[in-house]
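Open the model in your viewer and keep the sequence beside it. The stops below say what to select and what is there.

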Amino acid sequence: MKRYLCSIIIGMVVILSIGTYYVKVASSASSLPKYTFKTLEGSDKELDPVIINASLQNGSNFYEPLTIESNTTKYASERSYLENLTGRQDHLIERLVKEHRSFMRGKDSISSLYEDDDFLAYARVNSEYTKSGNMEAKLDIGLLEKKYEEETSFQIELPNQGRIMNADVRDVQLVHSKLQVLTMNDVNSNNEKQTKEVHLYTIDVANKKVLSDKTLVSETFTDPNQVGVGFEMPIDIAPSQPNNIVFILVNKGVNQEDGFKEKLKESKLLSYNYETEKLETVKKGSLSLDMARSGYADGKNLYAVEMKSGKYRVKTFELGSQTLTSDTELDIAANKEEQYTAAFKNGRVYFLLNGMNQEGKSNKPAKLLIADLKTGKTLYKGETVINKKNSKSFQLYFDDLEIK
């Protein structure tokens with residue numbers, strides 16, 4: 001009886017401790033400012049799919065992540081223990097975990113996933129260094145047939161792994177029943193020079209083998225003053241969806257005379273079509289490199305934001321025809337000192353002007369504009385309001401913008 005009584009007392013102490021913790025957390029969160037958007041124009045229903053990830057800071061004394069979702073602020077300290085344990089996840093990852101919990105276990109990188117109506121696929125480079133200093137690299141492959149919930153998963157050695165120093169998966173596609181895995185690799189060229197390569201691995205999932213290893217791009221440091229060869233891709237706004245075309249930006253930089261500043265020496269924009277297997281250089285007259293570098297791509301179009309005549313404009317570039325299909329002016333004043341974040345979905349552009357200057361200091365309310373992508377018609381315009389008088393001591397920093 002004493003043994004059971006002891007267990008009951010311990011259980012009550014644990015429950016009371018957890019309860020006290022959450023009461024303190026709730027009390028602490030309730031004292032923090034709440035941020036919402038005040039509607040200036042349009043319907044606030046347009047805010048329903050908007051997720052803004054941010055953080056609240058007070059110098060070096062205070063830091064608290066928060067999310068503004070459907071126009072409601074929620075701090076990390078208000079989330080459950082399990083939610084904070086897993087950390088903040090992309091809303092697409094959250095949906096996939098709910099729908100396919102078993103398959104998604106341990107899979108948290110959206111760029112490593114592919115999804116269509118029938119299949120969900122995954123590819124990740126799993127690497128480690130041996131005692132001899134060599135890297136052993138394998139591809140973790142997973143494929144789920146949704147209709148029957150049939151899962152195939154296996155590991156396969158990465159070809160020519162003795163050359164590879166590092167490899168990151170940037171895109172996964174399923175083309176003609178074969179898994180296409182695009183990676184960016186740092187390669188040991190055995191001559192004290194560093195080489196960067198873009199590889200496309202074609203995987204036969206049924207037979208669990210690599211059918212081909214195609215090097216799409218390879219660049220090596222050649223100039224003694226050269227500081228780096230970099231591969232970039234525009235922000236992928238549909239990272240797990242079927243896409244036919246992927247962009248690759250190749251940049252080469254050199255040190256300037258003072259040895260500290262970097263100057264871009266050479267730059268080119270390439271496009272690769274998974275269906276035709278063609279790698280092409282995008283014509284310079286069709287799309288500027290600056291537009292591509294700061295652009296947003298979805299496999300069909302590339303969207304670029306530019307400032308012109310005191311306004312922000314969104315240019316839509318069709319990847320297949322390599323033509324500019326629209327040039328839309330947004331009804332929001334341009335300010336070179338302020339930073340912006342954009343998102344594109346369902347024919348809309350979501351444009352967040354965060355009110356911060358280049359030094360990261362906020363000096364005015366953040367503005368959110370939602371507009372029709374083709375016509376530029378404003379569907380919603382609003383700005384942040386705060387419900388606490390002591391909010392001036394805090395700085396709100398925006399991380400990213402998601403659309404459900």
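**Stop 1: E402**

Select E402 and N53: their side chains are joined by a polar contact of 2.7 Å (a pair of N or O atoms within 3.5 Å; within protein, one must be able to donate a hydrogen and the other to accept it, and residues adjacent in sequence count only if both atoms are side-chain atoms).

The model is predicted: local features need pLDDT of at least 70 and side-chain atom pairs count only at pLDDT 80 or more, while totals for chains, interfaces and linings use all residues. Residues are numbered from 1 along each chain as its sequence is written, and side-chain values use heavy atoms, with hydrogens and water left out.

E402 belongs to strand β26 (strands are DSSP runs of E, at least two residues, numbered from the N terminus). Is E402 buried or exposed? At 10% relative accessibility, E402 counts as buried (under 20% relative accessible area; exposed is over 50%, partly exposed in between, with a 1.4 Å probe and protein chains only).

**Stop 2: the largest nonpolar core**

Now select F37, V50, I52, L56, L352 and L401, which touch the most other members of the 23-residue largest nonpolar core. Such a core is a set of buried Ala, Val, Leu, Ile, Met, Phe, Trp, Tyr and Cys residues joined through side-chain atoms within 4.5 Å. Strands that each supply at least two of its residues include β1 (35-42), β2 (50-58) and β26 (395-403). Another core, of 22 residues, lies apart from it and has A121, V125, A167 and V181 among its members.

**Stop 3**

Across from L56 is E64 in β3. Three residues separate the strands of this hairpin, where G59 has a positive phi near 60°.

I68 faces T73 in β4. This hairpin has two residues between its strands, and S70 in the turn takes a positive phi of about 50°.

**Stop 3: V349**

Finish on V349 in strand β23. V349 is buried, at 1% relative accessible area. Among the residues it touches are V314, L330 and F344.

How values were computed: Helix = DSSP H or I, 4+ residues; strand = E, 2+ residues; numbered from the N terminus. Pairing = 2+ DSSP bridges. Contact = heavy atoms within 4.5 Å. Lists of a residue's contacts leave out its neighbours within four places in sequence.
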